[in-house]
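Dear colleague,

Please find the structure below, handed over for your review. My notes on what was found in it follow directly after.

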Amino acid sequence: MIWPALKLSLLVVSLATLVISVAGTALGFLFAKRTFRGKDFLDAIFTLPMVLPPTVTGYYLILLLGRRGLLGKPLYALTGWTVTFTWIAAVIATTVVALPLMIKSARAAIESVNVDYEIASCLVGKNELETFFRITLPLASRGILAGIVLSFARAFGEFGATLMLAGNIPGRTQTMPLAIYEAVVAGEDEQAKWMALILTGISVAVVYLTNSLSRPKRRR
Amino acid sequence: MLDARIRKQLGSGNAQALTIDVTVRLSSGVTVLFGSSGAGKTSILRAIAGIVMPDEGRISLGEMVYFDSSAGINMPMQQRKVGYVFQSHTLFPHMTAEQNALYGAKLDSRRSARERVRELFEILAIQNTSARYPHELSGGEQQRVALARALATAPLLMLLDEPLSAVDVSTRSRLLEEISAIQQKSRIPFLYVTHSPSEAVRLGNHMMVIDAGKIVQEGTPLEIFNAPKTAPVASVVGTENVFVGKILCHNSEDGITTVDTGLCRIELPYNGMLIGSQVTVGIRSEDIILSREHLTQTSARNVFPGKIRSMITDLDNVEIVANCGIDFKVSVTKAAVRKLDLKVGSDVYLLIKARALHVLA
């Protein structure tokens with residue numbers, strides 16, 4: 001049960017991290033740069049998964065996406081397919097739980113960029129999009145990278161919400177943390193130990209790699 | 001060509017509340033916006049550039065309407081075609097000097113953009129900085145690159161916000177000359193914000209004095225510095241008399257350097273500067289002595305006959321403008337005015353010690 005769980009975890013986490021990186025940066029930009037009605041409310045909603053117990057987040061996701069859920073019901077009626085108890089549900093649950101970390105990091109990173117650089121870019125004729133990609137993003141890259149690592153770590157350890165929405169089906173929705181839990185409960189200590197070590201090893205490697213990549217470049 | 005009427009309330013309610021209410025018109029050459037800090041100079045530049053929106057008014061450059069509150073027009077800053085040079089530190093830190101300058105250069109032809117940037121770097125004598133990053137450049141080099149970045153976009157108007165404030169004194173004079181040369185070459189109007197009399201006099205064809213958000217006097221810089229019309233202007237421009245001249249000759253034995261202003265010759269302490277080079281000389285109005293008769297037995301190296309043009313009484317002081325070829329501000333007490341019976345039109349002699357004259361950076 002180690003290999004399928006590891007494979008699934010890697011698939012779920014990389015997809016979730018990809019979605020989180022893009023969506024989190026975009027939302028971070030929105031919160032950092034724009035003023036609009038309901039901004040504080042939206043901010044609170046997106047922060048909620050960070051403060052709620054993951055099982056509660058998972059519960060809300062069932063209410064939203066379950067076969068009888070707010071969005072799940074029309075989807076089921078239309079296609080006869082439901083997301084619950086699929087590996088996609090694991091991706092969704094993981095994404096929702098880890099997204100707030102990315103939004104917060106990206107927002108802080110974008111806000112830390114001196115506005116004068118962005119103004120200078122606009123003054124030489126560049127539109128907002130080009131200014132974002134060529135000025136803001138490169139200058140905020142370290143904070144954004146840190147956010148990606150944080151959310152990756154959070155995603156890799158995701159347990160509660162995934163269990164609620166995707167269940168714990170070996171080979172289909174059982175990710176590493178779930179497999180470890182099951183191994184411990186079943187008294188298979190040897191397996192639990194190895195999985196815990198693998199999980200730890202991967203996390204340490206990723207954090208170490210990013211740290212060394214994001215170290216400030218030597219001055220030429 | 002630039003016609004701007006701007007009204008804007010700043011920091012309403014707090015101690016620094018200020019209402020800007022100005023009409024700025026400039027056609028060619030360098031126009032200096034002069035004022036102490038907090039007078040609203042930068043806000044005027046930012047409104048013209050489109051960084052901030054005025055509450056009310058109309059800004060246009062030639063045919064282009066930048067802003068019109070009554071017509072609901074507010075052109076985004078990308079389309080205004082202004083070159084903007086900040087006080088300091090706005091070069092993109094992750095790009096080399098050349099990449100910075102190329103960043104805004106027109107995209108229609110990469111090659112010509114590169115050529116244009118190379119040419120600008122040559123004029124500004126910064127070819128050697130091309131491959132270096134902003135943090136590896138001196139303050140003067142950074143501002144030259146910033147100038148190149150702004151000029152590479154082929155702007156129709158240049159706005160400069162105290163561009164020399166972070167540049168060391170020894171570089172300022174050369175950079176001033178370069179800015180002046182670039183302006184003459186580009187033939188577009190420059191609006192230059194500063195609180196330095198020396199920069200204003202050296203660069204400005206025209207000057208506007210800003211005080212508390214309003215324009216309090218307009219004219220040529222020398223005219224304003226040496227003959228402020230009202231007490232508020234006098235307090236903004238300071239008590240310094242400022243004039244430009246060329247080094248005529250030195251007499252190191254006597255410790256004297258003679259400067260020719262075109263209208264009179266002035267002796268100041270020996271400074272060893274290159275003969276023929278341009279200098280800005282200052283003297284504080286309280287350091288000039290007025291006399292009704294021509295004194296010959298005096299240690300003052302400069303004695304000029306003149307006529308009183310105007311008198312402003314301000315608390316205990318009387319600010320007199322006396323003309324002796326060039327205008328001098330002279331600050332004296334009310335007692336002196338009474339004793340010498342000074343009036344507008346009175347003939348006087350101005351006594352100026354060489355030691356009281358100093359060369360401005």
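**A β-α-β unit in chain B**

In chain B, strand 8, helix 5 (residues 169–186) and strand 9 form a right-handed β-α-β unit. Right-handed here means that, with the strands pointing away from the viewer, the path from the first strand over the helix to the second runs clockwise. Helices (H or I, at least four residues) and strands (E, at least two) are DSSP runs, numbered from the N terminus.

The model is predicted: local features need pLDDT of at least 70 and side-chain atom pairs count only at pLDDT 80 or more, while totals for chains, interfaces and linings use all residues. Residues are numbered from 1 along each chain as its sequence is written, and chains are lettered from A and ligands numbered from 1 in the order in which they are written.

Strand 9 of chain B pairs (at least two DSSP bridges between the strands) with two partners. With strand 8 (residues 157–161) of chain B the pairing is parallel, over four bridges, and Leu160(B) stands opposite Tyr192(B). With strand 3 (residues 30–34) of chain B the pairing is also parallel, over five bridges, and Phe34(B) faces Thr194(B) across it.

Five of the five residues in strand 9 (residues 190–194) of chain B are buried, that is, 20 or more other C-beta atoms, placed from the backbone, lie within 10 Å of the residue's own. Phe190(B), Tyr192(B) and Thr194(B) are buried on one side of strand 9, and Leu191(B) and Val193(B) on the other.

Chain A, by comparison, has ten helices and zero strands. Of its 220 residues, 40% count as buried.

With kind regards

Terms used:
Buried ≥ 20, exposed ≤ 12 C-beta atoms within 10 Å, placed from the backbone.
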